[in-house]
Amino acid sequence: MSGPKSWLRRLRQWLLWLWHHEATVGQKARGLAAGVFMGCFPIFGLQTLLGIALASLVRGNHILAAAGTWISNPLTYIPLYWFNYAVGCRVLGPGPALPSLEVLQQGGLLELGLAMSSRLLLGSTLVGLASAGLFGGLYWWLLRRSKGASSHT
């Protein structure tokens, strides 16, 4: 039986397993935060590996780090990276206008690339830090709250 109900049941079981995965509250929150941070960078194909590596550095949960990188996915790539670029422009000043064909022929594309990528990477870092703090902190709070509620019953 591989219908929609079966897939939903599997998804629910996986999410419950992920929620109750053995780790301390702090390890879970740090793992999620590490994944969310790395998920804010436009490094397709490496986000999960780098998220897990960062989780190892901060002694976070590797599974939640991998899951956290999915903050960027095919539905959120454009708005997330546009927002990151806009944050970078806010800090470094507006990016350059699109160059004319003459400027491109004179090698101006490299300068445009550096100006755009510096704004995107700075914005990704700032948005990643804020998002990691927000998601990691909220997850930590929810875990502590659910642990406290279950110990009172």
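Which residue just after H5 takes a positive phi? Select Gly-93: its phi is about 100°. The model is predicted, so local features need pLDDT of at least 70 and side-chain atom pairs count only at pLDDT 80 or more, while totals for chains, interfaces and linings use all residues. Residues are numbered from 1 along each chain as its sequence is written, and side-chain values use heavy atoms, without hydrogens and water.

Next, select residues 77-92, which form helix H5 (helices are DSSP runs of H or I, at least four residues, numbered from the N terminus). H5 has 16 residues and spans 22 Å from first C-alpha to last. The expected span, 1.5 Å times one less than the number of residues, is also 22 Å.

Within H5, colour Leu-80, Tyr-81, Asn-84, Val-87, Gly-88 and Cys-89, which are buried (under 20% relative accessible area; exposed is over 50%, partly exposed in between, with a 1.4 Å probe and protein chains only).

Stay on Val-87. Val-87 counts as buried because its relative accessibility is 18%. Leaving aside residues up to four places away in sequence, Val-87 touches Gly-123, Leu-126 and Val-127 (contact means heavy atoms within 4.5 Å).

Finally, move to helix H1, residues 4-20, and pick Trp-14. Trp-14 is partly exposed, at 43% relative accessible area.

Conventions:
Helix = DSSP H or I, 4+ residues; strand = E, 2+ residues; numbered from the N terminus.
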